[in-house]
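Subject: A structure for you to explore

Hi there,

Here is the structure I promised to pass on to you. Have a look around it first, and then read my notes below with the model open beside you.

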Amino acid sequence: MRAVFLLGLLLPISTGATDIEPLPQFDIRIKPLTLDEPRFTMSGSIRFCAKSGRKVAFVIPRGSTYSFTRNGAALDVSPQEGIDWPCEPGAAITFFGTSPVSMPKCGASHQEIYCLNRSLPNPEVISDSSRYQLHFELLKGYGGLSPDPSIALNYGIQFQIAQFAAPRRRKTKHFTFEYQFPKDFSPEDGYLDFIEKTLEDHAPMFGALPFHKVLVGAIRRGETTGEISGSPAGNLILFSRTALRDKPNLESLRGMGIQADVSDALRKMVIAHELSHFWFGRSFTGKDGWMVEGIPNYIGLVAVAKGSKGDYAELRKLFEYMDSQGPPGPIPNSPFGNGPLYIRAYYQGSLALAKIGDVVGHEKVLELVAGVYRHNADPAFADFDEAFKKAFPSQAALWTAAWKLTPQSGAQPGK
Ligand SMILES: [Zn+2]
């Protein structure tokens, strides 16, 4: 199964291929047209060695002006079925143009710019993942922050442009953390401790990552709305300033019965959720939406519970409220999607895990999840069902109730 993220949709592309193809290699020069909006001229080259006979399809961002050449001649990369790309060593396709006027996951303010994965400012080649070497052409005093180029990215490029302070480096048992924040921002150090502890806790459970150095940045995403967010890509994770210090907006929680100031708990939940995406949604997938977003949310809740049972109880109200707004019926066997499927994936799946963890222990549930993924990186609900019933044979009723299963809807073995 191959997947590329295109304009907000995950498009699975079945190739039937069994042998491994080398990844497309991008070399991209990025020059902002201004520091007041996320708009760039981009030029560069793409090297790729497609298996003989396979056509290679491009994704050109709508509203961009990219043109392409190969061996000095203009090249039309627009055919939907793709183009032939014979494997000649050194034969690169080059491109030049301007990014679209607006991209959903890019932003600019206060002379800072960010583009997150899935924003697609540059031309892309449809592939499992690609490698990107980014170069920035910037005014004096500005710098570019992007993932390590040796790490393949699944959802395109991600970067921040800002005036940065000197990086802060801190070491833990498994990782080196490099914090690269804008000059006018400093986090609460407690959140750096939390980031490090959380990743150290998860690494032995979920397995080694393809990197030891973790880059952490802070962007002005959601600064007008007060949202807390984080976006991992490769070994770089860009948190909103609200995740590390700035005051978030908690108004929307009031209607869900949460009156307490849960800023700290919410930050920790989001930080742990986003860090878990170093595994979930990358090397760990799954047939149901909750496996890619509900497990990270549950991991976030458990990280909060470790610090404060009271905070956990408060945040659980958010999940209970969202559950009540979501679709009725069995939670499993629903893919990721919008609307009801979104609530099912993010909230109903994680609440089911929380209900089970409340009884059997949250660490036990996390171990069970990790065990399922050790056997199968793309599991179905039946895999969790089987593992749980084997580990906790006396708790079948708890399992059935938490997932809202009926006798007809239970997982069928082998499904
Ligand atoms: Zn997520």
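Let's start with Tyr-191, which counts as buried because its relative accessibility is 3%. (Buried means under 20% relative accessible area, exposed means over 50%, and partly exposed is in between, using a 1.4 Å probe and protein chains only.) Before going further, please keep in mind that this is a predicted model: local features need pLDDT of at least 70, side-chain atom pairs count only at pLDDT 80 or more, and totals for chains, interfaces and linings use all residues. Residues are numbered from 1 along each chain as its sequence is written, and side-chain values use heavy atoms, with hydrogens and water left out.

Back to Tyr-191, which sits in helix α1. Helices (H or I, at least four residues) and strands (E, at least two) are DSSP runs, numbered from the N terminus. What does Tyr-191 touch, leaving aside its neighbours within four places in sequence? The residues in contact with Tyr-191 are Ala-243, Leu-244, Asp-264, Arg-267, Lys-268 and Ile-271, where contact means heavy atoms within 4.5 Å. Lys-268 is 77 residues away from Tyr-191 along the chain, yet their C-alpha atoms are separated by 7.7 Å.

Salt bridges

Side chains of opposite charge can pair when their charged atoms come close. I count a salt bridge when a side-chain nitrogen of Lys or Arg is within 4 Å of a carboxyl oxygen of Asp or Glu. How many salt bridges does the structure hold? There are 22.

- Glu-112 pairs with Arg-241, with their closest N and O atoms 2.7 Å apart. Glu-112 is in strand β12 (residues 112–115) and Arg-241 in helix α2 (residues 241–244), so this pair ties together parts that are 129 residues apart in sequence. Both Glu-112 and Arg-241 are buried.
- Asp-193 meets Arg-170 at 2.5 Å, N to O. This pair links helix α1, where Asp-193 lies, to strand β17 (residues 168–171), where Arg-170 lies, 23 residues apart. Asp-193 is partly exposed at 43%, and Arg-170 is partly exposed at 21%.
- Glu-320 meets Arg-316 at 2.2 Å, N to O. Both are in helix α6, four residues apart, which is about one turn of the helix. Glu-320 is partly exposed, with a relative accessible area of 37%, whereas Arg-316 is buried at 13%.

Strands

Four strands form an open sheet in the order β11-β12-β16-β15, with antiparallel pairing. Its edge strands, β11 (106–109) and β15 (143–145), each pair on one side only. Two strands pair if DSSP finds at least two bridges between them. β15 and strand β16 (residues 159–162) are joined by three bridges in the antiparallel sense, and Leu-145 has Gln-160 of β16 as its bridge partner.

Elsewhere, strand β18 (residues 176–179) pairs with β19 in the parallel sense over four bridges, and Thr-176 stands opposite Lys-213 in β19. Why is strand β19 (residues 213–219) described as largely enclosed by the rest of the structure? Because six of its seven residues are buried.

Helix α8

Helix α8 (residues 362–375) has 14 residues and spans 20 Å from its first C-alpha to its last, close to the 20 Å expected at 1.5 Å a residue. (The expected span is 1.5 Å times one less than the number of residues.) Its buried residues, including His-362, Leu-366 and Tyr-373, pack against α1 (189–206), α5 (289–307), α6 (309–325), α7 (340–360) and α9 (381–391).

Happy exploring!
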